[in-house]
Amino acid sequence: MTDTVSTDADAPDAPPPNPNDVHLTINGKAVVAQKGEMIIKAADDNDEYIPRFCYYNRMDPVGMCRMCLCEVDSGRGPQLVATCMVPVAPDMKVEVNSPTSKRAQEGMIELLLANHPLDCPVCDKGGECPLQDQSFSHGPGESRYVEEKRHFEKPIPISDLVFLDRERCILCDRCTRFADEVAGDALIHFTHRGNSTQVNTFPDEPFSSYFSGNTVQICPVGALTAKPYRFKARPWDLAEIESTCTTCSVGCRIVVQSSRDEVVRYLGVDSEPVNWSWLCDKGRFGYEATNSPDRLTVPLVRTDDELSPTTWNEGLAAAAALINEAIAAGGPSSVAVLGGANGTNEDAFAWAQLATQVIGTPNVYPQFGDGLPAAVLALPRATITETVAASTIVLLGPDLKEELGVLYLRLRDAVVRGHKRIIELTPKQTGLSRYAWRSIGYEPGTQVAAMSQTLADADVAAQLSSGPVVVVVGRANLAESAEFTVAALDLLLARYPDAKVLPAFRRGNVVGALQVGMQPGEGGKHTLGMLEDAVAGRLQCLVLLGADPLRDHPDSDLTRQAMASVPRIIAIDTFLSDSSRLAQVVLPAAAAGEKSGSHTNIEGRVSRVSQRVTPRGTARPDWMIAVELGMELGTDLGYATVEEITDAIAASVPAHAGITAEALAAHPDGIIAAPPTRHGPIATSGLVAPDRNSYDFRLVVGRKMFDRGVNTTRSPSLTPLAVPATVHVHPLDLERIGARDGAEVKVSGVRGTLVLAVSPDPTVLRGTAWVPFNQPGANVGDLIDCTAPVIDVRIETL
């Protein structure tokens, strides 16, 4: 037998070295970093901790606190450098724990504590405070300063949600950088000079940012505290679990924290593909609704014209009896199930099976006439990561800052720091308009013409051809037909077939509900058809899954007629709403934080929703109510746990293949559920908007982040943030009307007349009037006819 000697020539070719690799040593350990990275990041990536206060990985470094001083030898001898400001270099040697480094770090701690109050026992940050922790781990142990510390009035409210204690502030610049760099709301900044330097807001300008709660989370001391959490619990008393925020359809990753079986705080998780640890204030503080004393806790059945408490057995039996009566009176198709977008995928799947397989109705739908056709979800879909990396982002939808706040932050970052280009088509300027490369305003009903003119621009055509294109598409105006937006999208995709789509559907789990089966079957109706059937007497029973059509559906007149005409209504909800008060049976549902399952966001990412507290009273998860109601109707759906439903979805829904409960547990950032894609235009009827009378205004109806929705109205800290309904017109149009700012005017349309305060707004196009939807005060839905292509109104002084 002959031994075979291998030679270098026999070995496979080694991969070429990465030109961006930088080799250095940290605390004697050889590591590899990337060119341009700061030393502190290279240390973090290699499990070497460098103390810091001002450094935050999602913001630009500023070197304010100097706590990260370390001894670094880059070839010219060791010297102290701020590691958050110095990039790595070849053969660099970093010593975090050398005697010189330790003396510098101890000195910084001593200086920071010179004026910092030692009030840890009464500070909300105590127990999770980086300054407290690093005083123990890197501090000198005692201070040489005996002088009086500086004092300020404290705490002072800088917004409705955030309190500032200036004595505790260490001037790390985190909050001010977040407000400026990330949120774009530079409403908090340094004031005064030298030893008097402090963080504060400008006079008469509160920190009214939709993202103010993030500054509380990233503050390394107790200088900024959140009003809803102040003095509620200590960190060591909290139990926590990672979950997904279901307030909107972005699907931000969160930590749900509870104390004494009550949700007390949400914290953002740094999920790379989704939210980067950021949360909007509506999502962060909306947990207060879960703790509301107004929650439904027991089933209610209508007796003697009022809803009375009853047992679950009697409530389920009454609901089953109503469904059987409806089937006997009008057949299975006379039953409709509306809603399901606020629950989990498992809730929607169980109810879809109950509706289609047990009841036998094809009338199932989770949207309320305020979205786009489900066919949009079948277009080639982009992820959020692909969207922010695209050369061109086309916005054909709502104001993302108002409706999908964290998606707004990601797109703003793509423009400001990633130098991407946004082309926006909008009926009213949005939060992203000032960052857009092109912002094209259009009058409602003219999207196709606006899109055609935009695509004919040579510069725009060159930009769209320069690289990947993603279209963020949604419903920008509730007072016009969705067909105009779909037709404009078809035109763009016909010209650029390789473009991908990110659907800006706003409701929490509407994408998941549609994907797992909450869609009309053969001959089934969407929401408009259900309401029209109700008015015509063809609908015998309406099941509301967390739905309040009297507030949610844009056409208020049609909805009122429909709700008054349906002889049988069953509501599954967390609160008594305007719609559920009309029901014959109301069943209490578990709220966010009280149930487990999964959630699908706008990009199709399926992530876990986790239970942290016990459901209030006898409330139950929606899927469990569906299973038990099915048994009352004579069919066992066969599910005993939520994990069984998750696995059933994975086995029966093609887009969710392989997304089992076990797989979700192994992927905390979620798994993309990619539905089969289709190419080609979405069918439209060729709707044409009529010409506008020059005396009239074309109505634009959009949404604000804080409205009369459940999360806002049932959260005491958020309720004051919902502004009253006001009609906004361009300042030159206000002169034409002859009214002054704040005066009441009469707004008249075909459907009716409202009296609203008028406000000049340069972001509104000439000839249009913008009114926010579902705000306190007059209901703009009284002016909307959802069967009309557009709505024109006349505005007159009183």
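The side chain of Arg-253 makes a polar contact with the side chain of Glu-242, at 3.1 Å. That contact is a friendly place to start in this predicted model. From there, this briefing moves on to other salt bridges, of which a search of the whole structure finds 45, and then to a closed barrel of six strands.

- Arg-253 belongs to strand β12, which covers residues 253-259.
- Is Arg-253 buried or exposed? Its relative accessible area is 2%, so Arg-253 counts as buried, the limit being under 20%.
- Glu-242 and Arg-253 also form a salt bridge, with their closest N and O atoms 3.1 Å apart. Because Glu-242 lies in strand β11 (residues 239-244) and Arg-253 in strand β12, this pair ties together parts that are eleven residues apart in sequence.
- Glu-242 is partly exposed, with a relative accessibility of 28%.
- For a sense of distance, look from Arg-253 to Asp-91: the two are 162 residues apart along the chain, and their C-alpha atoms are separated by 38 Å.

**Salt bridges between distant parts of the chain**

- Arg-506 forms a salt bridge with Glu-403, and the closest N and O atoms are 3.7 Å apart. This pair links distant parts of the chain, 103 residues apart: Arg-506 sits in the loop between β22 (500-503) and α15 (510-515), while Glu-403 is in helix α10 (residues 400-403).
- Asp-459 and Arg-438 meet through their side chains in another salt bridge, at 3.6 Å from N to O. Here too the pair links distant parts of the chain, with Asp-459 in helix α13 (residues 458-464) and Arg-438 in strand β20 (residues 438-441), 21 residues apart.
- Asp-459 is partly exposed, with a relative accessible area of 47%, and Arg-438 is partly exposed as well, at 25%.

**The six-stranded barrel**

- In what order do the strands of the closed barrel run? The order is β29-β33-β30-β32-β31-β34, and the pairing is mixed.
- Neighbouring strands of this sheet are turned by 45° against each other on average, with direction ignored.
- In general, strands of a sheet pair through backbone hydrogen bonds, in either a parallel or an antiparallel way.
- Strand β30 (residues 726-729) pairs with strand β33 (residues 768-772) in the antiparallel sense, over two bridges. To find this pairing in the structure, look for His-728, which stands opposite Trp-770 in β33.

**Strand β31 and its two neighbours**

- Strand β31 (residues 744-748) runs antiparallel to strand β32 (residues 753-760), and five bridges join them.
- How many residues does the hairpin from β31 to β32 pass through? The hairpin joins the two strands through four residues.
- β31 also pairs in the antiparallel sense with strand β34 (residues 792-797), over four bridges.
- Ser-748 is a handy landmark for both pairings: its bridge partner in β32 is Thr-753, and Ser-748 stands opposite Arg-794 in β34.

Definitions and conventions: Residues are numbered from 1 along each chain as its sequence is written. This is a predicted model: local features need pLDDT of at least 70, side-chain atom pairs count only at pLDDT 80 or more; totals for chains, interfaces and linings use all residues. Side-chain values use heavy atoms; hydrogens and water are left out. Buried means under 20% relative accessible area, exposed over 50%, partly exposed in between (1.4 Å probe, protein chains only). A polar contact is a pair of N or O atoms within 3.5 Å; within protein, one must be able to donate a hydrogen and the other to accept it, and residues adjacent in sequence count only if both atoms are side-chain atoms. A salt bridge is a side-chain nitrogen of Lys or Arg within 4 Å of a carboxyl oxygen of Asp or Glu. Two strands pair if DSSP finds at least two bridges between them. Axes are lines fitted to C-alpha atoms, for helices over the stretch in contact, and angles run from 0 to 180 degrees between N-to-C directions.
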